[in-house]
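Subject: Handover of a structure, with notes

Dear colleague,

I am passing on the structure below, together with some notes for someone who has not looked at it before. Please read them with the sequence and the model open beside you.

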Amino acid sequence: MDDYADFARAVYATGVLSDPWLWGEPRFRLQGVVISPELAARLAEAAEAVTYLHQALVEILLDAPDGVTSFYRLTPFQNLMWHASGGLWHGMARADLFLCTDGHIRCCELNSDTPSGQPEAVWLNRLRQAAHPGLDDPNAHFPTRFVAMLHESHAKRTEAPLTRVGIVYPTELTEDLCMITAFSQWLEAENIQVITGSPYNLRRTPTGVALLGEPVDLVLRHYKTDWWGERLPVWADAEGYPDDEPLTEPLLALLDADLQGQVTVVNPFGAVITQNKFSLAFFWEEMTRFPAEARDIIRRFIPETYRLVHMDTERLLDEREQWVLKSNYGCEGAETVCGAFVTPEIWEKTVELALPEHFVVQRFFEVQADAEGWLPNYGVFVLGGSAAGFFTRLSRASTEYNAITAPTFIGPGCL
């Protein structure tokens with residue numbers, strides 16, 4: 001199946017993966033990314049360490065709650081999500097890791113709110129396994145581990161069995177359908193009933209919450225925390241969002257049922273803090289508040305990151321190639337501008353228009369390119385704190401929505 005047209009037919013036949021083309025270009029690469037067991041272990045270690053680091057951050061904020069208000073500048077509804085969560089934030093995450101030219105691994109962020117890429121990681125490896133004989137598929141057991149994570153999350157709330165899951169997602173976005181289909185298939189294979197719908201389909205009941213009128217034990221939340229709350233523009237010339245109001249009724253219904261111990265939410269709403277890129281700045285600006293082990297992890301894996309409000313504009317302009325500008329809740333490369341990849345004029349305009357209260361700047365790092373000049377972004381999935389699979393994307397510059405996804409295999413003596 002080395003012909004892309006044949007491969008595309010196999011993609012459609014999965015009934016899960018979406019269009020194998022994006023804007024008329026192939027979305028997948030047939031040739032797998034093959035990493036050595038040593039590199040796989042290093043990437044897994046980095047992902048788990050960064051996840052631990054975010055837990056350490058949450059514990060610091062729980063001990064000193066005033067820090068949330070002064071450092072993060074959350075909106076009222078974002079504050080509500082954080083305080084209602086009680087510090088719970090994790091179930092599933094994806095650490096975006098890079099092997100750099102100096103041999104070190106760097107993590108540009110931990111996607112801990114609504115991480116994506118699971119269907120592509122699992123099915124792309126299945127489709128291309130035969131073309132890579134003798135190599136191990138690190139994603140083979142991901143579906144089983146995913147369901148186990150949901151069971152474990154649910155068991156922390158109640159001894160009752162997990163029988164019905166509601167998947168809440170933005171139903172107007174077709175790009176999410178493959179993920180919803182994958183999650184549904186994995187759950188239904190374990191005899192767990194699945195109901196899917198949007199936040200607008202949630203209702204409070206005397207015993208918990210219902211989705212489309214059906215009571216659920218657990219809500220699998222694939223709807224971003226910053227979409228549940230107030231939506232604010234991050235650029236000075238932006239007109240704002242047409243749907244900028246918080247989802248008051250469904251959010252309060254879900255938070256109240258969660259607080260009353262009547263429903264399990266994965267990921268918990270505490271991800272409103274861990275997903276916020278100000279957390280990356282907190283690591284560096286407040287490093288002395290972390291234990292020694294955590295400080296070592298910060299220096300080892302997290303590039304220098306600071307809030308834009310504390311960065312001198314002239315320094316940013318003079319050191320353009322050394323910095324990356326990122327909004328606090330931007331994802332998939334949106335609202336991210338890498339100074340090394342744009343002209344001085346574009347960089348100057350970007351710095352001018354970025355609203356400082358919504359941005360961080362992160363130190364640029366040189367990624368080790370492969371033999372064809374691609375820059376691999378090793379997305380390592382973390383389930384319940386443990387590394388559980390790889391989602392590798394390839395780009396020529398920064399990783400954006402149009403990056404090519406490649407199957408990922410592990411083999412001896414390979415890099």
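A cavity, as the word is used here, is a set of grid points where a 1.4 Å probe fits but cannot get out, and a residue counts as lining it when one of its atoms is within 4 Å of such a point. Please also keep in mind throughout that this is a predicted model.

**Cavities**

Searching the whole structure turns up two cavities of 30 Å³ or more. The second largest cavity, with a volume of about 30 Å³, is lined by Glu120, Ala121, Leu124, Asn125, Asn139, Phe390, Phe391, Thr392, Thr405, Ala406, Pro407 and Thr408. Helix α5 contributes the most to this lining, namely four residues, while at least two each are supplied by α5, β18 (386-395) and β19 (404-406). Sorted by class, the lining of the second largest cavity holds six nonpolar residues, five polar ones and one charged one.

The largest cavity has a volume of about 60 Å³, and around it stand Met92, Asp113, Thr114, Pro115, Phe183, Leu220, Arg221, His222, Val266 and Asn267. Its lining comprises five nonpolar, three polar and two charged residues.

**The helix pair α5 and α7**

Helix α5, which spans residues 118-128, also takes part in a helix crossing: its axis and that of helix α7 (residues 177-188) come within 8 Å and cross at roughly 70°. Because of that angle, α5 is roughly perpendicular to α7. On the α5 side the contact is made by Gln118, Pro119, Glu120, Val122 and Trp123, which meet Cys178, Met179, Ala182, Phe183, Gln185 and Trp186 in α7. Eight nonpolar, two polar and one charged residues make up this contact.

Strands β18 and β19 lead on to an open sheet of five strands, in which the order is β5-β4-β17-β18-β19 and the pairing is antiparallel. The edges are formed by β5 (105-111) and β19, each of which has a single partner strand, so one side of each is left without a neighbour in the sheet. From one strand to the next the twist averages 30°. Within the sheet, β17 (residues 375-383) runs antiparallel to β18 and is joined to it by nine bridges, and Tyr378 stands opposite Thr392 in β18.

Helix α2 lies across β4 (92-99), β5, β17 and β18 and runs at about 50° to β5, whereas α6 lies across β4, β17 and β18 and runs at about 45° to β17.

**The second largest pocket**

Which elements supply at least two residues each to the lining of the second largest pocket? They are α2 (37-63), α4 (76-85), α6 (142-155), α9 (248-259) and β12 (264-266), and the largest share, five residues, comes from α6. By class, its lining divides into 12 nonpolar, 12 polar and five charged residues.

With best wishes

Methods: Residues numbered from 1 in each chain as written. Predicted model: local features only at pLDDT ≥ 70, side-chain atom pairs only at ≥ 80, totals over all residues. Heavy atoms only, no water. Nonpolar A, V, L, I, M, F, W, Y, C, P; charged D, E, K, R; others polar. Axes fitted to C-alpha atoms, helices over the stretch in contact; angles between N-to-C directions. Parallel < 35°, antiparallel > 145°, perpendicular 65-115°, else oblique. Contact = heavy atoms within 4.5 Å. 1 Å grid on protein atoms, 1.4 Å probe; cavity = no way out; pocket = protein on both sides within 12 Å on 5 of 7 lines; lining within 4 Å. Points joined across faces, edges and corners; volume = space filled by probe spheres on them. Pairing = 2+ DSSP bridges.
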